[in-house]
Amino acid sequence: MQPTPAPARARPLLAALALSCLATAAVADGLDSAGGEAAAARYAEVLDAAGGGFQRPVGAAVVVFDPAETEALVAAGWQPSADTRGFRDLGERVTTFVAIAEALGMDPAIGALQANWGTPQENGIAELAENANAARYARDVARYDIAELERHRADALAVLEEMQARATAGDPAETADTVAALEAEIASVDARLAELRAQEEVLTGELAALENELAAAMGKADETMPVGWATADLDVNGDGTVDRADLEAALDGAKPAEGGAVVQ
Amino acid sequence: MCSEPGAHTPRPSAPPHAAAVLILAALAAGCRTSAAPDIPYDLYELMSDSDVALAVETMQLGLETGSDGAVARWSNPETGNSGAIKPVRTYQTAGGYFCRDFEELLNVEGIVRIYEDNHACRADDGVWRFIDD
């Protein structure tokens, strides 16, 4: 059937009408839904002429992108800034990450998102979290030592007061050595306490700085990832990278060292 | 709305009169429906090779560079036919492929029809190809 060309002056009108129809369709759904198959068949001649195709199963949808994420993908030419070293291409990286997430009982979308926009290890989040955890541990140890020393000091002080009371009541010479020893010990404890308190103050400051840095890194990651997904740990074998070895470990039942999250 | 009324499944939550208003508005705007029995359901069969080439090119451009909701259009001066595609949803599959659902509007021989349920994925060669549900 030979198409009948529309008069030239009618074309803009047709285009406008067509677009107004499309806008209308955006409001009311339920229009023709069998077009895909027909279009695929009709367009296949052109599309297939380009060769290529899908080198692996397409699979089901694992993550739906919001408009901002879609914009980022379009801007990146559908090549997110993921490091694909160790993988044939981004697709293989995504497939592997999705499989790891599934093997760990996580939402497979976590795997897809991290494959596209980086793991906590690649984004520096894991290292910051590790440093923060180390600083937190050191601060907690310092606080524990302070508490222990304060208790020891209180005990020593009680004994000292008892000795001083005895000295007042009885023979001062008899208790003088003990009192002197206790006073020396308390002085030593006070010195150590001062040292630990200064250390605890430094560690608290360091921890606060690291936590701020970590929050900033997570916030940066969350600009392209849903909140929280940036921190999920897919590095099952703990070697600092996420790859097929992690998938094999996950399939063997292994879990990441810190229960699936690098941030405590 | 320019589609065959019989093929229209109204959104359950939409008041019946709203759909009627939309149809009337589309008709008032000059959209021809395919209610007449002699109008083919599949406009793709009526497209010329040059229409298809333009539609495919527009589909590639629209899916590759368009945001969700952005309309990419084509118009063929040789035939007077035109069309447009609009990505509506973007996702990634377990196979690592980026895919998009999109609507396609065709205006072929003065018949306007909208095909809603299209899916395409970006293949390894960077070409967007149709996939089944």
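Student: Among contacts in chain B between residues at least 6 apart in sequence, what share joins residues at least 24 apart?

Tutor: The model is a predicted one, and within it chain B comes to two helices and five strands, which follow one another as α-α-β-β-β-β-β along the sequence. When contacts between residues at least 6 apart in chain B are taken, the share that joins residues at least 24 apart is 42%.

Student: What is the corresponding share in chain A?

Tutor: Chain A is built from eight helices and one strand, in the order α-α-β-α-α-α-α-α-α. Among its contacts between residues at least 6 apart in sequence, the part that joins residues at least 24 apart comes to 68%.

Student: What percentage of residues counts as buried in chain A, and what percentage in chain B?

Tutor: A residue is taken as buried when 20 or more other C-beta atoms lie within 10 Å of its own. For the 264 residues of chain A the buried part is 31%, and for the 133 residues of chain B it is 50%.

Student: At what angle do helices α4 and α5 of chain A pack?

Tutor: Helix α4 of chain A covers residues 90-103 and helix α5 of chain A covers residues 108-117, and their axes lie 7 Å apart. The crossing of α4(A) past α5(A) is right-handed, and the packing angle is about 145 degrees.

Student: How many nonpolar residues take part in the contact of α4(A) with α5(A)?

Tutor: From α4(A) the contact draws on Arg93(A), Val94(A), Phe97(A), Val98(A), Ile100(A), Ala101(A) and Glu102(A), while α5(A) supplies Pro108(A), Ile110(A), Gly111(A), Ala112(A), Gln114(A) and Ala115(A). Sorted by class, this contact holds two charged residues, two polar ones and, as the number asked for, nine nonpolar.

Student: Which residues touch the most other members of the largest nonpolar core?

Tutor: In soluble globular proteins, nonpolar side chains tend to be buried together. The largest nonpolar core here has 70 residues, and those touching the most other members are Phe97(A), Ile100(A), Ala112(A) and Ile125(A).

Student: Is Ile100(A) buried or exposed?

Tutor: Ile100(A) lies in helix α4 of chain A, and, not counting residues up to four places away in sequence, it touches Gly111(A), Leu234(A), Val236(A), Val242(A), Asp246(A), Leu247(A) and Ala250(A). Because 28 other C-beta atoms lie within 10 Å of Ile100(A), the residue is buried.

Student: Against which helix do the buried residues of α8(A) pack?

Tutor: Helix α8 of chain A, residues 244-251, has Asp246(A), Leu247(A) and Ala250(A) as its buried residues. Seen down the axis of α8(A), these fall within an arc of 100 degrees, so they line one face of the helix. The helix against which the buried residues of α8(A) pack is α4 of chain A.

Student: Why does Thr96(A) count as buried?

Tutor: Thr96(A) is found in helix α4 of chain A, and its contacts, leaving aside neighbours within four places in sequence, are Phe87(A), Asp243(A), Arg244(A) and Leu247(A). Thr96(A) counts as buried because its C-beta neighbours inside 10 Å number 21.

Student: Is Trp78(A) buried or partly exposed?

Tutor: Trp78(A) is found in the loop between α3 (67-75) and α4 of chain A, and its phi is positive, near 60 degrees. Since Trp78(A) has 16 C-beta neighbours inside 10 Å, it counts as partly exposed.

Student: What is the phi of Glu109(B)?

Tutor: Most residues other than glycine have a negative phi. Glu109(B) sits in the loop between β3 (98-108) and β4 (111-122) of chain B, and it is buried, with 21 other C-beta atoms within 10 Å. Its phi is a positive value in a residue other than glycine, near 55 degrees.

Terms used
Residues are numbered from 1 along each chain as its sequence is written. Chains are lettered from A and ligands numbered from 1 in the order in which they are written. This is a predicted model: local features need pLDDT of at least 70, side-chain atom pairs count only at pLDDT 80 or more; totals for chains, interfaces and linings use all residues. Helices (H or I, at least four residues) and strands (E, at least two) are DSSP runs, numbered from the N terminus. A residue is buried if 20 or more other C-beta atoms lie within 10 Å of its own, exposed if 12 or fewer, and partly exposed in between; C-beta atoms are placed from the backbone. Two residues are in contact if their C-beta atoms, placed from the backbone, lie within 7 Å. Axes are lines fitted to C-alpha atoms, for helices over the stretch in contact, and angles run from 0 to 180 degrees between N-to-C directions. A crossing is left-handed if the near helix is turned anticlockwise from the far one by less than a right angle, and right-handed if clockwise. Ala, Val, Leu, Ile, Met, Phe, Trp, Tyr, Cys and Pro count as nonpolar, Asp, Glu, Lys and Arg as charged, and the others, Gly among them, as polar. A nonpolar core is a set of buried Ala, Val, Leu, Ile, Met, Phe, Trp, Tyr and Cys residues joined through C-beta atoms within 7 Å. The arc is that of the directions from the helix axis to the C-beta atoms.
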